[in-house]
Amino acid sequence: MKKNASPAVPELPPEVRPGQSIELLKQLHILTREGKLNQDSRRKLKQVYHLFQFIEKLLLELPESPQGPTLADHGAGKSYLGFIIYDLFFKALGQGTIYGIETRSELVESSRQLAKRLGFERMLFLNLSVAESTQSTELPEQIDMVTALHACDTATDDAIAFGLQKKARYMVLVPCCQAELARALNQSKALNLQRTPLAELWRHPLHTREMGSQLTNVLRCLYLESQGYSVTVTELVGWEHSMKNELILAKYTGQKKRSARERLEALLTEFGLTALAEARYPAR
């Protein structure tokens, strides 16, 4: 008498990492119910995995502690990144906590419910802005790693301020929609055109936006270096996956670079942006 054959296990797409929770990927709508990937999900998964490679390397460099590593993910959204990091690293580690920080209450609640269903007990979700989280008692005084994936406009600056206050060992930032400096450049455009030929770099509106975006990230890197971080800037993924692909990796060394502060202040003066110095780049 023949035994009943076990139901065939559907073959997973090759992009899915070994050990990855299939239920998680389905709940995040990365995999379909049949375990398939569509083109949009494939791009999203590739981007998150690529970023995880950088983060995993840094997490492995952290010194051991009784409570394990702590990570704050700012502008978490649906917490794709936080869930993937927990599933591939924190779950097997058996210790450590991920804090997902997001302003949209419905996304915070759905992430809480998903973490509960999956048994991801050391994932906590807070309905706060990045700026509010700096003062929140719901977070520990020290955070090992700060991530901000596509935190829009000044939210990346707030994430940096959070990381500095929490004495973060690492910051992993993918800036997005850097508009603040572009607005400031636009306001003083006429004056700067008279003052320096460099203003031709942002005379046209498209160039103003691009120049503002580039300059914002340059100033952020100098600020981090002035606060004791070594900084690496690289691409997150190829251009075909995202136009917002600049990845800033900052590692705390404790060696504050005075030259970085001097260059930061010189650039602010040259571009007529000194009014932003105290708010965005305060000396500490």
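This is a predicted model: local features need pLDDT of at least 70, side-chain atom pairs count only at pLDDT 80 or more; totals for chains, interfaces and linings use all residues.

Trainee: How many strands form the open sheet, and in what order?

Mentor: Strands of a sheet pair through backbone hydrogen bonds, either parallel or antiparallel. Here seven strands make up an open sheet with mixed pairing, and their order is 3-2-1-4-5-7-6. From one strand to the next, the twist averages 15 degrees.

Trainee: In which sense do strand 1 and strand 2 pair?

Mentor: Strand 1 (residues 70–74) pairs with strand 2 (residues 97–102) in the parallel sense, over five bridges. To find the place, look for A72, which stands opposite Y99 in strand 2.

Trainee: Which strands does helix 9 lie across?

Mentor: Helix 9 lies across strand 5 (170–176), strand 6 and strand 7 (246–252), and runs at about 150 degrees to strand 6. Helix 4 (residues 105–118) lies across strand 2 and strand 3, at about 165 degrees to strand 3.

Trainee: How do helix 7 and helix 9 pack?

Mentor: Two packed helices are described by the angle between their axes and the distance between the axes. For helix 7 (residues 180–187) and helix 9 (residues 205–226), the angle is about 120 degrees and the axes are 7 Å apart. Helix 7 is therefore oblique to helix 9. The crossing is right-handed.

Trainee: Which residues of helix 7 meet helix 9?

Mentor: L181, A182, L185 and N186 do, and their partners in helix 9 include M211, G212 and L215.

How values were computed:
Residues are numbered from 1 along each chain as its sequence is written. Side-chain values use heavy atoms; hydrogens and water are left out. Axes are lines fitted to C-alpha atoms, for helices over the stretch in contact, and angles run from 0 to 180 degrees between N-to-C directions. Helices (H or I, at least four residues) and strands (E, at least two) are DSSP runs, numbered from the N terminus. Angles under 35 degrees count as roughly parallel, over 145 as roughly antiparallel, 65 to 115 as roughly perpendicular and the rest as oblique. A crossing is left-handed if the near helix is turned anticlockwise from the far one by less than a right angle, and right-handed if clockwise. Contact means heavy atoms within 4.5 Å. Two strands pair if DSSP finds at least two bridges between them.
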